[in-house]
Amino acid sequence: MQTLTMRDALNQAMAEEMERDERVLLMGEEVAEYDGAYKISQGLLKRFGPKRVIDTPISESGFAGLAIGAATFGLRPIVEFMTWSFSLVAYDQIINNAGQIRYMSGGQFSVPIVFRGTAGGGLRVGATHSHTPENWYANVPALTVISPAFPDDAKGLLKSAIRSNNPVCFMENETLYGIKGEVPDSDTDLLTPIGKGRIRREGADITIVANSASTHRALEAAEKLAANGVNAEVIDLRTIKPYDFDMIAESVTKTHRLVIVEENKPFCGWGAQVAYDIQRKIFDELDAPIARVTGIDVPQPYNGHLERAVLPNDERIIAAVQDVLR
Amino acid sequence: MSTAETKRAEIKKVTSSASLILPPEGRLRLYRQMLLIRRFEEKAAQAFTQTKIKGFCHLYIGEEAVAVGSISVLQPQDAVITAYRDHGHAIASGMEIKPLMAELFGKATGCSKGKGGSMHFFSKEKNFFGGHGIVGGQTPLGAGLAFAQKYQGTNGVTLCYLGDGAVNQGAFHESLNIAALWKLPVIYIIENNQWSMGTSLARSSAGLPLVNRAHGYDMAGIVADGMDIDDVRAKTAEAVNLARTESQPTLMEIRTYRYRGHSMSDPGKYRTKEEIEKHLASDPIHLYKSRLLEQKITTDEALEKMDEEIKAEVQAAYDFAEESPEPEISSMYEDMLAPEDQIDEIPRGNYNHF
C-alpha cells in the first residue's frame, strides 16, 4: 500500500495507462507545459513528451471534437476539461458525436475516449464554474458517468475508464484533490470495476447513498448520527451511470430506509432515478418514503455562507435522516 | 487590440502536383460515378414522394463533380467526412448503393442498419466517417481524423466537407485554428452552393469570398469551380499534396449549385427560375460529357448505354431496399456500446421498465 492524494492517484492512473498503451494520450488546456491547472498531469509532459501530452487552445468544442474524431480512427484520448463547467461549450460534440456515432453508424465506429476534470461546487467560484453535471451526461444513453470520492477508487476507476472501448465522463472534485488515502502499490494493476458501488460505512438503521464530495458529507453526518444512536450505512456510488442498483437494494432490504445525497439540482438529479427504481422494484422493503438531499434549486451563489447552504451539508442530511426515521 | 495595422496574410501559394491526366477508362469512371449519384438521387426523390423514405432527404443533384472530383485524388489510407448532404460522398468513397438506398428506406440491410438514415451514412471499410447532422459539428472530427493519421504516421490525409452555411459556426473556426496551429493534414472543403437552406450567401456571411477565412489562420486557400470536375481534381490534388508532403491544412472553397431544394421538404421558392436555369446550363455532368465526346474518348451511344446500365443498377438498389426486412425491434438495443476487451463488461442497468 501507498498513501496518495487523490491528485497523485489520478496522475498515476494516467501515467500507468500511457506507459502501457501508445494510443493513449492526454490533451487539454494547460495540461503540458503548465503541468496542469490543478496539477493532475504534473510531470507527464516530461515523461511522455509533447506528442502525447498536448496543450490545447481554449477551444473546448474544437479539441473535444478533435479527440472524438481521433478516437474513431484508432486512438484512445483522455481529454481534460479544466472544469466540467467548461464542457458546456463542447456539449454538441460530447452528446451528438461521442454519444451517438457508434449507434448512428450501426456499430461500425467506436469512441474509446475519457473526458475528465473537476466538477462541483464549494470553491466560491460562482455560478458559471460550479456545475455538477453528472445527470446531464447520464441522460445520454451511451455515456458512462463516473465520480469517485477516494484516491484508490479514483485511480482504479480512471484506469478502467481509459481501457473502456466506450466514451466515459469522469468527474473529479477539486475539494477532494488533496485528500489522502491508501492505494495499492503500482505493481498491482488496479482496475476498479465500473458500475459497482462501495460500502464506506456499515450500519443497520438507514441507508445513505451518495457520490463524490457528497459521500464525505454523508460520512460526516453518519458520525454525528452515531453519537445519537442512529447507525447509518453509507454507500459511495462511484459510478453514476450505470449505477449499482443491487448494492443499494441489498442495503435497503436490511435497513428499510433510504436517503440520497447528491450535488445535482433536485429536478431530474441522479437521485431521482435511484429513488424511482427503488420504489418501483422493492417498494415493500421501504418503511418510509425515500428522501433526497440535493443542491438547492438556485444557481450557485458566490458568498461562502450562501454556497454552504446550497450544497448538501450535514445539517440537511441529518434532518432528512430524522424525517425518514420518524 | 490594434486592428488598423493588422495586415491580411497573403494566401499561401501552393505548388501544382503531379499530372492528373487519367487514361480514358479513368475518365469514364469519373463520369460514371457522377451519373450514378445523379440517378441515385433522382430515384431517392421518387421514393421520397412515394413516402418510402421519410424524415429529411438532402439531395446532391448539381454538386456531383465536387465529391467525385475531390475524392478521386485520394489514396486508400485517406479519410472522408461530411455533413448531412452525404449521399454523393458515400458513393464517391466507393460504398455500394444497395445498402445506401436501404438505409434511406430505414431497413436492416442499410449501411447503418436503419439507425442512421439519409444524414448518417457511414462506412468503416471505406474510411467514410459520416454523414453528420449538426451544421459544422463534423469539422472538429475532421481535424481529429487528420490528427490520428499524423499521430500514427500513416501518411494519410482527411477531406472534411461543409456547406457554405456552416462557415459561421464556432466549431468550424476552432477547427481551422487547431488544424493550422498543429499542422494537421486536413483539407476543409466548403461546398459553396450559395444557399444555406433559404438564406443566400450574401445574407449570411460577411467577408466574402469565403476562402478569405483561410487568411485569419494563415492557411492555404484555394478556389475551385465545382461544376468542372477537372478543376476540382487539379485544385484538390494541390491541397492533398500539401497535406501529404508538408502536413499543412488547406481551406478550399468549391463553388457549386444545388438544383433541388435544401431538402425534399423545401420547394425552393426563394430562388428565381432564371437563377436555376443559369446554373443548369453549366451542369457538371453535361460539361464533362461534352468534353469526353470532344476528346473522342467515348461516343453518345456508349454513354447512353452506360446510363441505361446505371438506371438498372439504381432500380436494383431500390428493389433491394424495398424487399429488405425492417430491423427487428430488439435491434434497437444493439450497436450503442462497443464490447469491452480490456476490462470486464460493465453491468448495464435496465432503466426501461415498460
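Student: What makes us speak of domain 1 and domain 2 in chain A?

Tutor: In this predicted model, the domain assignment of chain A gives residues 2-183 as domain 1 and residues 198-325 as domain 2. Those bounds come from an automatic or database assignment, and the C-alpha centres of the two domains of chain A lie 26 Å apart.

Student: How do you know which residues of domain 1 of chain A are in contact with domain 2 of chain A?

Tutor: Two residues are in contact if their C-beta atoms, placed from the backbone, lie within 7 Å, and by that test 23 residues of domain 1 of chain A are in contact with 24 residues of domain 2 of chain A. On the domain 1 side, the elements giving two or more residues are α6 (134-138), β6 (144-146) and α7 of chain A, and the residues of that side divide into 9 nonpolar, 11 polar and 3 charged.

Student: What does the contact between chain A and chain B consist of?

Tutor: Here 44 residues of chain A are in contact with 46 residues of chain B. On the chain A side, α3 (60-72), α4 (91-98), α5 (101-104) and α7 (151-163) each supply at least two residues, and α3(A) gives the most, with 10 residues. The residues of this side of chain A divide into 19 nonpolar, 21 polar and 4 charged.

Student: Why are β9 and β14 of chain A said to stand at the edges of their sheet?

Tutor: The sheet is open and has 5 strands in the order β9-β11-β10-β13-β14 of chain A, with mixed pairing. β9 (198-201) and β14 (291-293) of chain A each have a single partner strand, so one side of each is left without a neighbour in the sheet. Neighbouring strands of this sheet are turned by 25° against each other on average, with direction ignored.

Student: How do you know that β9(A) and β11 of chain A are paired?

Tutor: Pairing requires at least two bridges between the strands, and 3 bridges join β9(A) to β11 (residues 232-236) of chain A, the two running antiparallel. Within that pairing, A:Ile199 has A:Ile235 as its bridge partner.

Student: Which helices of chain A lie against this sheet, and at what angles?

Tutor: Helix α9 (residues 245-255) of chain A lies across β10 (206-210), β11 and β13 (258-261) of chain A, running at about 155° to β10(A). Helix α10 (residues 270-282) of chain A packs on the sheet, where it touches β10, β13 and β14 of chain A, and its direction makes about 160° with that of β13(A).

Terms used
Residues are numbered from 1 along each chain as its sequence is written. Chains are lettered from A and ligands numbered from 1 in the order in which they are written. This is a predicted model: local features need pLDDT of at least 70, side-chain atom pairs count only at pLDDT 80 or more; totals for chains, interfaces and linings use all residues. Helices (H or I, at least four residues) and strands (E, at least two) are DSSP runs, numbered from the N terminus. Ala, Val, Leu, Ile, Met, Phe, Trp, Tyr, Cys and Pro count as nonpolar, Asp, Glu, Lys and Arg as charged, and the others, Gly among them, as polar. Axes are lines fitted to C-alpha atoms, for helices over the stretch in contact, and angles run from 0 to 180 degrees between N-to-C directions.
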